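I am opening my notebook on a new structure today. I want to write down, entry by entry, what I look up in it.

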Amino acid sequence: MSLFALPRTAVPARVLLTQGVAHPGEVYVMERVPQHDGPETVLEMLNRREAFFAFRPDPGTELMLVAKAHTVSVTLDRQAPIADPARLSAAKLLGIEIVLAEGSTLNGWASAELPPEHARLLDYLNATQDPFFALWTHAATHYINRAHVLYARPLD
């Protein structure tokens, strides 16, 4: 075991796996990243190249290493996907309905930080090759794995 470890921060989350069961617990993000001030976001952690992420289902239980490929979504309560007020005010809100491959449906908004002429739902979904994208509601932010989306519809 290495004596060198990066400081991590626990973030309360619910992890939905392909088996269809959502597990409450904690995911872990780095306390610092080179691209911005503050800790890594859950979306940044999910979109890192590593195939697994750390998840602890309950305090005091064994840490699990969860395969991102079998993660349908990671949900955080009451957290906007964009924390910077200036960025959030400049983003276009897109109403979206997501139907997952296992049959459940999520409705909410995506914050598109794209040029106005390319700020449709299709542009937002195709803007990056990252495996996870954000959909938020008043109660939660869902980080959804594109590989488990059956289809999306605009709600505007």
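**Entry on a pocket.** Before I start, I note that a pocket here is an open set of grid points, on a 1 Å grid over the protein atoms alone, with protein on both sides within 12 Å along at least five of seven lines. I also keep in mind that this is a predicted model. I looked up the second largest pocket, and about 230 Å³ of space lies in it. Its lining is made up of Arg8, Tyr28, Met45, Arg48, Glu50, Phe52, Phe53, Ala54, Leu63, Leu65 and Lys68. When I sorted this lining by class, I found 7 nonpolar and 4 charged residues, with no polar ones. Strand β3 (residues 52-56) gives the largest share of the lining, 3 residues.

**Entry on the core.** Next I turned to the largest nonpolar core, which has 32 residues. Among those with the most contacts inside this core I listed Val27, Val42, Leu46 and Phe53, and I noticed that Phe53 also lines the second largest pocket. The largest share of the core, 5 residues, comes from strand β1 (residues 8-17).

**Entry on aromatic pairs.** How many aromatic pairs does the structure hold? I found 2. In one of them, Trp109 and Trp136 are 5.4 Å apart from centre to centre, with 45 degrees between the planes, and the pair is tilted. This pair links distant parts of the chain, since Trp109 belongs to strand β7 (residues 105-112) and Trp136 to strand β8 (residues 132-136), 27 residues apart. I wrote down Trp109 as partly exposed because its relative accessibility is 29%, whereas Trp136 is buried, with a relative accessible area of 15%.

**Entry on Asp123.** Is Asp123 buried or exposed? I looked up its relative accessibility, which is 13%, and therefore Asp123 counts as buried, the limit being under 20%. Asp123 has its place in helix α3 (residues 121-126). Leaving aside neighbours within four places in sequence, I found Asp123 in contact with Leu114, Glu117 and His118.

Key. Residues numbered from 1 in each chain as written. Predicted model: local features only at pLDDT ≥ 70, side-chain atom pairs only at ≥ 80, totals over all residues. Heavy atoms only, no water. Core = buried A, V, L, I, M, F, W, Y, C linked by side-chain atoms within 4.5 Å. Buried < 20%, exposed > 50% of the residue type's maximum accessible area, 1.4 Å probe, protein only. Helix = DSSP H or I, 4+ residues; strand = E, 2+ residues; numbered from the N terminus. 1 Å grid on protein atoms, 1.4 Å probe; cavity = no way out; pocket = protein on both sides within 12 Å on 5 of 7 lines; lining within 4 Å. Points joined across faces, edges and corners; volume = space filled by probe spheres on them. Nonpolar A, V, L, I, M, F, W, Y, C, P; charged D, E, K, R; others polar. Contact = heavy atoms within 4.5 Å. Phe/Tyr/Trp six-rings, centres within 6.5 Å; stacked < 30°, edge-to-face > 60°.
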